[in-house]
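Here's a quick tour of one protein model and the ligands that come with it. Have a look at the picture, then read on.

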Amino acid sequence: MYSKFKLFLFYLLTADLKSTYSTILSGFIALLIVFIFVLVGIFIYTKSAIKQVDSIKKTEVFQVPDSNFTHVWTAPSDWRMMYLTDSQKELVLYGRELIAHTSDYLGPKGSVRFMSNGMNCQNCHLNAGTQPWGNNYFAVESTYPKFRARSGTNENQIKRVNDCFERSLNGLALDSTSREMRAILAYIKWLGTDVEKKVAPKGSGIYKLKLMKRASDPKKGEAVYLAKCQSCHQADGAGILAATGKSYTYPPLWGKNSYNVGAGLFRISNFAGYVKYNMPQGTTYEKPQLSDEEAWDVAAYVNSMPRPAKDLSRDWPDISKKPFDHPFGPYTDSFSENQHKYGPYGPIKEFYK
Ligand code: HEC
Ligand code: HEC
């Protein structure tokens, strides 16, 4: 009887143990599965959370701004002219008028003298030379006279202003004692009010774009031109004359009435930096519409088109001082005129380091 009971007990025990084992095992497996699910869940969640944070970062309003485009210099307000004498004020205002409407006075149908191509200084020096990164005159009063390697001389403002008359406006020099020259100088001095001597304030002149690794490409630039410039500057690059016939509604970009090959804009880096932050019309440094590549390529296209010549034989008396993108040899390096004109500029800059 007793042994039978023992057997029974044993049976019970082992049966129970067996089921306990399997309960533990299946419990363990179940736990493992839950654990894996939780892990996968956490993984998926964190991944999507990271993605979300990334997209928030991308649309972040308070990105660290590029300091080249904050707190840029601006022109003195007009009300401050009340501190000028009447004759000073008159001269400054005439100077501004001449910059904005040059051709009405000094163009092919000008009321003072015929000495330039119909363009206005303002066509390139936007808002009468006051637009930040719009080729303004803020650094002129503070930095001239200065040595310029192009002429190899110490240049005063009269020489610099006449450079643009003779090159950008493909015309003649303005008499240094004329009322017109005195007015332009007075206006430039006015714009330089408050600018520290020798300092070029932030946003003055033309922005220097980062160089591309490749050469700029006139072919790609043509496509940019068709899409984004032609509507105003026209298919033949000749622009559109205003109804008065005295100046341009849309100034020419090439051809006989455009700037000549000695002008600053004929250098592709200047052209690219100018259009990047100022064209198509209405663009400013705060809202550029062209990518850097588009700016370089359209610069290459426009500057590959025909334009007036200019005797440059007396420029750059020290040829080693020619800028990297000066398109005319001889050079002290062995890069071709073509590479100097279109790039890639990296190797040229490297050579002169
Ligand atoms: C076709 C375009 C164009 C026109 C038109 C033009 N300029 Fe310029 N001007 C330039 C460029 C480009 C520079 C050189 C900018 C640089 O090198 O940073 C320049 C530079 C200057 C500078 C020196 C600026 C500095 O900070 O050193 C003065 C002054 C100037 N121009 C005056 C004039 C005057 C006055 C007129 C009208 C008679 C005129 N420009 C018309 C393109 C033009
Ligand atoms: C909506 C019309 C319009 C479009 C589009 C336009 N421009 Fe202009 N552009 C102008 C006007 C107007 C001026 C003269 C600005 C002034 O006098 O205030 C000008 C001036 C210029 C100048 C300096 C003056 C000159 O004739 O040399 C250059 C260079 C220039 N534009 C290049 C371009 C390029 C490159 C594009 C295309 C990416 C472009 N523009 C698109 C209207 C336009």
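## Around ligand 1

How do the residues of the shell around ligand 1 divide into nonpolar, polar and charged? This is a predicted model, so keep that in mind throughout. In it, that shell holds 15 nonpolar residues, 8 polar ones and 1 charged one.

There are 24 residues around ligand 1, and the ones that come nearest are Cys121, Cys124, Cys164, Ser168 and Gly264. Two elements give two or more residues to this shell, namely α4 (121-124) and α7 (157-166). Of these, α7 gives the most, with 4 residues.

## Around ligand 2

Ligand 2 also has 24 residues around it, with Cys229, Cys232, Pro251, Pro280 and Gln281 coming nearest. The elements that supply two or more residues to its shell are α4, α10, α11 (268-276) and α12.

Where does ligand 2 sit relative to the domains? Domain 1 (79-191) and domain 2 (218-352) both give residues to its shell, so ligand 2 lies between them.

The protein chain is divided into domain 1 (79-191) and domain 2 (218-352). Their C-alpha centres are 22 Å apart, and the contact between them takes 22 residues from domain 1 and 23 residues from domain 2.

On the side of domain 1 that touches domain 2, the elements giving two or more residues are α3 (102-106) and α4. That side of domain 1 is made up of 6 nonpolar, 12 polar and 4 charged residues. As for α4, that helix also gives two or more residues to the shell around ligand 1 and to the shell around ligand 2.

## Helix α9, one face in and one side out

Now for helix α9 (residues 218-228). Which of its residues are buried? They are Gly221, Val224 and Tyr225. Looking down the axis of α9, these buried residues fall within an arc of 100 degrees, so they line one face of the helix.

Turn to the other side of α9 and you'll find Lys219, Leu226 and Ala227 exposed. What covers the buried residues of α9 includes α10 (230-233) and α12 (292-302). Both α10 and α12 turn up again among the elements that give two or more residues to the shell around ligand 2.

Definitions and conventions. Residues are numbered from 1 along each chain as its sequence is written. Chains are lettered from A and ligands numbered from 1 in the order in which they are written. This is a predicted model: local features need pLDDT of at least 70, side-chain atom pairs count only at pLDDT 80 or more; totals for chains, interfaces and linings use all residues. A residue is near a molecule or strand if its C-beta atom, placed from the backbone, lies within 6 Å of it. Ala, Val, Leu, Ile, Met, Phe, Trp, Tyr, Cys and Pro count as nonpolar, Asp, Glu, Lys and Arg as charged, and the others, Gly among them, as polar. A residue is buried if 20 or more other C-beta atoms lie within 10 Å of its own, exposed if 12 or fewer, and partly exposed in between; C-beta atoms are placed from the backbone. The arc is that of the directions from the helix axis to the C-beta atoms. Two residues are in contact if their C-beta atoms, placed from the backbone, lie within 7 Å. Domain bounds come from an automatic or database domain assignment.
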